[in-house]
Amino acid sequence: MRPNDWDRETDVVVLGFGGAGVAAAVTAHDLGSDVLILEKAPEGHHGGNTRIAAQGYLNTEDSEQAATYLEALCGPYKVPDAMIQTWAREMCLNNDWMRSLGGDPQEHQHQPEGIEYPELPGAFCVHKFHDGPTYGYTFTWQRLESFVTERDIAIEYEMPGCELIQDGDTREILGVRAEKNGKSILIKARKGVVLTCGGFENNQEMIRNYLPGVSHCYPSGTPYNEGDGVTMAQAVGADLWHMNNYAGPSMAIKVPDFPATMSVQALHFSKEYPGGMIIVGPDGRRFYDEKFKHRHGKVPINGVWSPMHVPTPMYMIFDQDMMSAAPIYNKNPNRGWVPVIEKYDWSDDNSAELEKGWIKKADTMEDLAGIIGLDAGALKATIERWNAQMADGTDADYDRKLMLNPFAASGPYYAMELSPSMINTQGGPKRNEDARVLKPDGNPIPRLYSAGELGSIYSYLYQGTGNIGECLAFGRIAGRNVADETPWT
Ligand SMILES: Cc1cc2nc3c(=O)[nH]c(=O)nc-3n(C[C@H](O)[C@H](O)[C@H](O)COP(=O)(O)OP(=O)(O)OC[C@H]3O[C@@H](n4cnc5c(N)ncnc54)[C@H](O)[C@@H]3O)c2cc1C
């Protein structure tokens with residue numbers, strides 16, 4: 001379709017005002033293009049996952065080592081060598097870019113613990129950075145956002161891109177159909193369109209269709225990433241990749257009051273709590289070491305890193321000693337949608353959440369099983385087995401090393417449902433080393449680019465800070481190449 005009349009025109013339309021959108025928009029602008037960012041969320045909720053992330057971004061030390069590490073992370077899920085080499089080259093330049101725009105890169109203090117797969121070759125290329133006094137608390141995002149707001153880059157909030165407008169003959173992307181207050185707006189993009197509208201964390205149908213091991217899953221991040229970029233790209237003939245990879249699942253609290261999940265402090269791999277605590281699946285039995293330090297949702301199964309098994313519904317079962325000890329939720333997290341945007345203040349003694357029904361209570365295990373719909377005999381047998389093992393402090397079933405306490409001999413006992421949770425999806429339209437979106441035949445769709453977690457390079461294992469690092473790297477590449485296009489006539 002080639003509309004005769006456009007409501008608006010610019011050189012470059014960037015869909016999504018998160019980290020990748022910033023890098024693409026700023027780069028194209030600084031190369032002389034007029035840029036318009038369309039953002040689905042209202043102002044204040046924009047910034048996507050980048051805004052509420054832990055704010056770390058990767059700046060690798062050595063491109064050869066970085067290429068070796070990324071290839072090892074991808075393992076059998078290979079990505080083209082040209083992509084690996086481009087990622088490795090550009091990933092070393094993130095700090096230079098931040099500094100060139102007035103940023104102030106600071107290395108995380110906990111290196112080298114931040115290296116997620118230190119056993120893989122090339123891993124010590126990893127250096128994690130943030131901007132601002134410490135990581136978290138949206139500091140890096142604030143710096144990135146300032147790069148846009150201090151420039152003459154137009155931004156439209158609550159104006160989602162809905163459809164890419166493609167020439168029927170040349171298959172070029174000519175612009176975007178967006179919506180504002182239910183009204184269609186046709187925007188001509190003289191040079192091209194960059195898709196940076198995040199993943200499909202909030203699209204349960206795509207989650208069911210594409211993500212392994214989960215019938216449903218909720219994000220800890222923005223509720224606005226609903227897979228729009230996947231749908232728009234598919235409609236103009238894009239190939240997809242990495243749709244089955246995601247930074248998850250983990251186990252978290254999901255209540256109807258909020259669109260995103262809340263982290264469970266008691267499950268933190270290093271935190272000790274008094275009292276008995278286990279997690280059971282719908283059969284009333286344990287299924288894993290509850291305190292295992294998973295790697296963005298991956299755990300070793302038969303020696304292979306695989307998505308954690310999350311049999312739903314899952315319940316954390318605990319006793320009064322744990323209930324009284326501390327808030328079950330991490331009250332001072334520096335990341336995540338609920339803490340950063342909703343600012344939920346969990347009660348110190350968990351009583352408000354008991355009152356709300358998020359935590360269930362009963363005097364006996366049998367009654368607790370009845371309330372949450374589990375087989376009372378099965379749950380009781382699981383608790384008895386746990387208590388028997390705790391007599392000598394050894395979890396013979398799953399080799400848990402922390403919180404090795406038996407349950408109190410008498411109630412009350414508590415249960416809290418846990419949901420599969422994720423940080424973000426990695427799949428989306430396939431792109432090449434020029435950040436061009438590809439068709440299944442390997443040829444680019446003219447004038448269409450992408451960056452960020454929408455079709456990210458990560459096909460299997462994930463190194464923390466790799467996503468925002470990739471947003472900056474491929475956002476710049478997309479920005480450079482779209483700015484270099486000759487305007488269509
Ligand atoms: C709790 C948490 C912690 C994390 N910590 C880190 C970390 O420390 N380091 C790291 O590298 N990664 C981290 N991640 C992952 C990382 O934040 C994301 O992968 C990355 O920020 C994605 O950036 P993006 O620009 O691709 O997408 P986003 O930042 O999510 O931005 C996408 C934007 O597009 C908008 N949008 C959606 N649909 C449309 C549409 N149709 N039209 C227009 N706009 C649209 C959204 O509203 C959003 O503003 C974390 C994620 C979470 C949830």
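## Two domains

This predicted model splits into two parts: domain 1 covers 8-246 + 423-483, and domain 2 covers 250-422. Their C-alpha centres sit 34 Å apart.

Where the two meet, domain 1 puts in 27 residues and domain 2 puts in 25 residues. If you look at the side of domain 1 that touches domain 2, you'll find 14 nonpolar, 11 polar and two charged residues.

Now take a look at helix α13, residues 376-390. With 15 residues at 1.5 Å a residue, α13 should span 21 Å, and that agrees with its end C-alpha atoms, which are 21 Å apart.

Which residues of α13 are buried? They are L379, T382, I383 and W386. Looking down the axis of α13, these buried residues fall within an arc of 95 degrees, so they line one face of the helix.

The buried residues of α13 are covered by elements including β13 (277-280) and α12 (365-372). On the face turned away from the buried side, G377 and A388 are exposed.

## Around the ligand

The ligand has 46 residues surrounding it, and the closest are G16, G18, G48, G221 and G452. Three elements, α1 (19-30), α2 (48-52) and α14 (466-483), each give two or more residues to this shell. Which of the elements gives the most? That's α14, with five residues.

As for the make-up of the shell around the ligand, there are 16 nonpolar, 25 polar and five charged residues.

Key. Residues are numbered from 1 along each chain as its sequence is written. This is a predicted model: local features need pLDDT of at least 70, side-chain atom pairs count only at pLDDT 80 or more; totals for chains, interfaces and linings use all residues. Domain bounds come from an automatic or database domain assignment. Two residues are in contact if their C-beta atoms, placed from the backbone, lie within 7 Å. Ala, Val, Leu, Ile, Met, Phe, Trp, Tyr, Cys and Pro count as nonpolar, Asp, Glu, Lys and Arg as charged, and the others, Gly among them, as polar. Helices (H or I, at least four residues) and strands (E, at least two) are DSSP runs, numbered from the N terminus. The expected span of a helix is 1.5 Å times one less than its number of residues. A residue is buried if 20 or more other C-beta atoms lie within 10 Å of its own, exposed if 12 or fewer, and partly exposed in between; C-beta atoms are placed from the backbone. The arc is that of the directions from the helix axis to the C-beta atoms. A residue is near a molecule or strand if its C-beta atom, placed from the backbone, lies within 6 Å of it.
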